[in-house]
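Here are some exercises, each with a worked solution. Have a look at the model before you start.

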Amino acid sequence: MKKEENVLIRDIMIKDVATATPATSILEVSQAMLANNYSGLPVVDKGRRVLGLVTEYDLLTKGTAIHLPTFIKLFRGYPVAKGRDTLIKGKLGDILSFTVKDVMNTEPMILHDTDTITTLVETLSQHHRVSPIPVVDAAGVLLGIISRYDVIKFYASMLHQAE
């Protein structure tokens, strides 16, 4: 079992991560978050350099006026009431006109793949709303993401190994 201070973020981060670009539609980013069970996606340029982060919080608070992942689930699961579909389509059109650049955080918390899990835990404890966090190399290129869930998985694994 590795000692906690020797565990690097790269050892526990999610490496194969879905991403968005500033031009990605809110619908696409919401579907990617739902499909991957992520609470946020890194926003990258063509060279995979991190430009920002879009989270469920951003979708809820920055102009869409609705928690879009929940809305998509509801919209798929329930028939639209007759006579109200025009109103719903109008509101949906307003929401769907947003792109990631309209709602993303352009100054996200970022960690490096060489940071330790101790640094990660300190960061998450000091910044309660931050999660996930993009993980980059020295050049700022996205290598993965890390979240509170990944920390819990790591500690659960350590406890299991200790038994």
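Predicted model: local features only at pLDDT ≥ 70, side-chain atom pairs only at ≥ 80, totals over all residues.

Residues are numbered from 1 along each chain as its sequence is written, and side-chain values use heavy atoms, with hydrogens and water left out.

**Exercise 1.** Describe the lining of the largest pocket.

Step 1: Find the residues. There are 15 in the lining, and Thr 55, Tyr 57, Asn 105, Arg 129 and Val 130 lie nearest the centre of the pocket. (A pocket is an open set of points on a 1 Å grid over the protein atoms alone, where a 1.4 Å probe fits, with protein on both sides within 12 Å along at least five of seven lines; lining residues have an atom within 4 Å of a point.)

Step 2: Look for elements. Strand E2 (50-55) and helix H3 (56-61) are the ones giving two or more residues to this lining. H3 gives the most, with three residues. (Helices, H or I with at least four residues, and strands, E with at least two, are DSSP runs numbered from the N terminus.)

**Exercise 2.** Work out the strand order of the open sheet.

Step 1: Line up the three strands: the order is E3-E4-E5, with mixed pairing. (Two strands pair if DSSP finds at least two bridges between them.)

Step 2: Check the edges. Strand E3 (111-112) and strand E5 (142-146) each pair on one side only.

Step 3: Zoom in. E4 (residues 133-136) and E5 run antiparallel, joined by four bridges, and Val 135 sits opposite Gly 144 in E5.
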